[in-house]
Amino acid sequence: SEHELRALVDEMDIDGNGMIDLEEFCLCMAKHLAKRSQSSPQSRNQLTNRQLKDAFDFFDKDKSGSISQSELRQVMKALQVDCSDMEFEALLHSIDSNGDGSIDFNEFCALVNSLY
């Protein structure tokens with residue numbers, strides 16, 4: 001709902017400017033995943049495959065097995081992440097290790113584990 005989205009944006013908006021920038025987005029993702037893993041019997045330093053798959057599926061809206069540029073942009077837009085085109089391209093390039101223009105599950109796992 002609109003109320004839930006506003007609450008999420010308020011929680012993620014560290015500097016209070018009403019927008020979520022890329023750094024705030026990454027920090028929030030890392031904190032959220034850390035909270036989930038602490039409640040799990042797994043090691044604090046290891047997320048389960050199920051947790052990673054659930055997070056990946058959240059971004060992979062069309063269930064194609066990869067997160068397209070448009071899917072990533074949609075999620076970032078919905079969360080009001082403030083990111084220039086140049087920052088977005090740099091982010092995608094840093095994650096997309098095989099250079100195919102999308103983020104596969106292995107690339108996603110590498111990103112999450114680097115944040116966590």
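This is a predicted model: local features need pLDDT of at least 70, side-chain atom pairs count only at pLDDT 80 or more; totals for chains, interfaces and linings use all residues.
Residues are numbered from 1 along each chain as its sequence is written, and side-chain values use heavy atoms, with hydrogens and water left out.

**Salt bridges**

- The structure holds three salt bridges, a salt bridge being a side-chain nitrogen of Lys or Arg within 4 Å of a carboxyl oxygen of Asp or Glu.
- Arg50 and Asp54 are joined by one of them at 2.8 Å, N to O, and they sit four residues apart in helix α3 (residues 49-59), separated by about one helical turn; helices are DSSP runs of H or I with at least four residues, numbered from the N terminus.
- Asp54 is partly exposed, at 31% relative accessibility.
- Lys53 and Asp57 form a salt bridge at 2.9 Å, N to O, and both lie in helix α3, four residues apart, about one turn of the helix; Lys53 is partly exposed, with a relative accessible area of 31%.
- Arg73 and Asp85 meet in a salt bridge at 3.5 Å, N to O, and this pair links distant parts of the chain, with Arg73 in helix α4 (residues 69-78) and Asp85 in helix α5 (residues 85-95), 12 residues apart.
- Arg73 is partly exposed at a relative accessible area of 32%, whereas Asp85 is exposed at 54%.

**Aromatic pairs**

- There are four aromatic pairs in the structure, where rings of Phe, Tyr and Trp (its six-membered ring) pair if their centres lie within 6.5 Å, and planes under 30 degrees apart count as stacked, over 60 as edge-to-face and the rest as tilted.
- The ring centres of Phe56 and Phe105 are 5.4 Å apart with planes at 85 degrees, so this pair is edge-to-face, and it links helix α3 to helix α6 (residues 105-115) across 49 residues.
- Phe105 is partly exposed, with a relative accessible area of 25%.
- Phe56 also forms an edge-to-face pair with Phe108, at 5.5 Å centre to centre and 70 degrees between the planes, and both residues are buried.
- One aromatic cluster is formed by Phe56, Phe58, Phe59, Phe105 and Phe108.

**Charges over rings**

- The charged end of Lys61 sits over the ring of Phe58, 4.3 Å from its centre, which requires NZ of Lys or CZ of Arg within 6 Å of the ring centre and within 35 degrees of the ring normal.
- Arg73 likewise places its charged end over the ring of Phe88, 3.8 Å from the ring centre.

Note on methods:
Helices (H or I, at least four residues) and strands (E, at least two) are DSSP runs, numbered from the N terminus. Buried means under 20% relative accessible area, exposed over 50%, partly exposed in between (1.4 Å probe, protein chains only).
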